[in-house]
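Have your viewer ready and follow along.

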Amino acid sequence: MKNYFLTALACFSLILSKAQTPAFPTSGDIYLGLKKLNVLGSVLYVAAHPDDENTRLLTYFSKDKLYRTGYLSLTRGDGGQNLIGEEQGIELGLIRTQELLAARRIDGAEQFFTRAYDFGFSKSPQETFTKWDKEKILSDVVWVIRKFQPDVIVTRFPTTGEGGHGQHTASAILAVEAFTAAADAGRFPEQLKYVKPWQAKRILWNTFNFGANNTTGSDQFKIDVGGFNPVLGKGYGEIAAESRSQHKSQGFGSARARGEAIEYFRTLQGDAPVNDLLDGVSSSWTKVNGGEAVEREINSAIAAFDFMQPQKSLGNFLRIQGAISNLPDSYWRTQKIQEISKLIEQASGMWVEAFTTEAYVTQGDSMKVNIAINDRLGVGSKLLSVQVESFDSTFNAALQANKNFTFNKTIKVYDGTPPTHPYWLQKPMQPGYFEIPTQAQVGEPDVEPAFTVTFRFDLLGRIIYFYRRLNYKSVNQVKGEQYQPVTILPPVSVNTNPGLLLLNLDRPAKQNAEVQVVANRNIVFKTASIGLSMGKQKLAVKEQSGTFSKNAAKRYNFEILPGNLPASTIDAIPTVRFDSAAQHYLALANIRHDHIPNINYFYTDWLRLVPLHLAITKSKIGYIVGAGDKVPAALEQMGYDVTLLTDKELERNNLQQFDAIISGV
């Protein structure tokens, strides 16, 4: 068994403000984390979408009650609207995933998802389950419950439909079924290789008063969650508003609320609470064999904590770590080892970072990794080693108080290193859900970092590990210092343009399509073939003995005739072959918004060919563009004369000149 007394700090990275600039925890955060060590209780909140969660309640659970708190959003919100850009579908889901993670960094809860896809509004849970594979989504909810082991589960919506949206009701139905199924070893037994059956004490519905729909009642269990936390200098309603306001793509900027705030609950299954949400659940160290000794160490550390000199608590923290490590293996032993390891790092005041000055690195290429360390509080640590990819070096260097220790190293990126890509997009998706590659990835909220750097320190005679995600670091003249994820690229990226061709069979004419090949590293070839595969028809351009220079883009044009294609819609796949076998190269998509990290993902940029019979009689159209609207371009391909109508055009134009006016979404 791993010796946690000598090793620590499971993958903890500095909290990122707006996910792009590191923000080190304050002494107040450390103090609350220390008090949380004495709380062995957990609550899981369940709903359907990003922004469904009750951020005020999550904040209260996490910051006041100090429970381990989680939010399970069944979807990533792919079917919502987008106030800030044109992204729709999976791209909007990627944005809303990062907005949820930003919200959780503020309210202190953890984030989970299932594989369910938000396909848009549904009128009933029955309609929802025609898209979602109910058994698969239920298995994901059961997995999260078994892994998280909540004492209490709370749903945002009821099973009886008052939530309106069919996916809302479906989320409650699945939560209630999972409440029982998670405890049944006969349900989803394949999961039991990794987790154990788990029975929560109760599941409750967090009733609501939305507009004219008031589901609260005086006979329901209630909690005042509107308190003020003097350690943080904020009330829970204020923190919740900051969290809620991260849902910028949905326009959920919220005013800070202060004062009494009553939340109501109706018990769905299990014993109804009387005095406390966790009635009947032990949330102290008495629930763990030998936990009393740990609690004494924690209480001693709380009494001695110095807000101005948190590093003085390191000795106490290391003793707590040792006491927890001596306990028998259990869920709470593992959880509290992670918490105390995080506190040790925070109290040390150590600045530890790894960064590169390039946002992208290609398989088989090299990159320079920069390391910066500062023992800011002079705790007397010693750097023993640093490891990342093929680089593993021993230093044994004593760090001087508040002096920067820096070095850099150029490392090779293995050819087999996988591109940085969301795991839920790796396989072709089904109409209502994503295919998840492995069981361990179910529920995970984010993309795995491209590289993780391991630092080994000697701290007060103990071997301590720090883990850092390798970031791309830059300085912007307006925004200042910026941190973004590093993305691993394949050797080549391939795009088609346009993405859609409408082929009018009544007026057949040649249409032009383009395949663009971008080299992400220097490529030398003896033969190359670039083309389009359209069912039985294949178009290709061949080249002999050449090079593709890094970052260079080459464009290849192809003429497409409707008469040579099937009479049904087909997808033309771009093909690239260098020397030997053809490779399935993908296109790189970028999503950029200031409030979230840069998002990159890969996809097959096929060209959709749509043959159709189309007779155009009146052709002049005025079009009012909607969010993410691609219809005007399609109308122009058909042969219509399209004028885009903004507010100014609507004021200036004589609308009688148009044969039709169309309003987008």
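Leu459 sits in strand β20 (residues 452-459); strands here are DSSP runs of E with at least two residues, and helices are runs of H or I with at least four, numbered from the N terminus. With a relative accessible area of 3%, Leu459 is buried (under 20%; exposed is over 50% and partly exposed in between, with a 1.4 Å probe and protein chains only).

Leaving aside residues up to four places away in sequence, Leu459 touches Leu314, Leu318, Ile344, Ser348, Val379, Ser381 and Ile464 (contact means heavy atoms within 4.5 Å). Its C-alpha atom lies 38 Å from that of Leu192, 267 residues away along the chain.

The model is predicted, so local features need pLDDT of at least 70 and side-chain atom pairs 80 or more, while totals for chains, interfaces and linings use all residues. Numbering starts from 1 along each chain as its sequence is written, and side-chain values use heavy atoms, leaving out hydrogens and water.

## Helix α10

Just after α10, Gly349 adopts a positive phi of about 70°.

## Lining of the second largest pocket

By class, 15 nonpolar, eight polar and six charged residues line the second largest pocket (nonpolar: Ala, Val, Leu, Ile, Met, Phe, Trp, Tyr, Cys and Pro; charged: Asp, Glu, Lys and Arg; polar: the others, Gly among them). α3 (90-107), β34 (599-603) and α11 (631-638) each contribute at least two lining residues.
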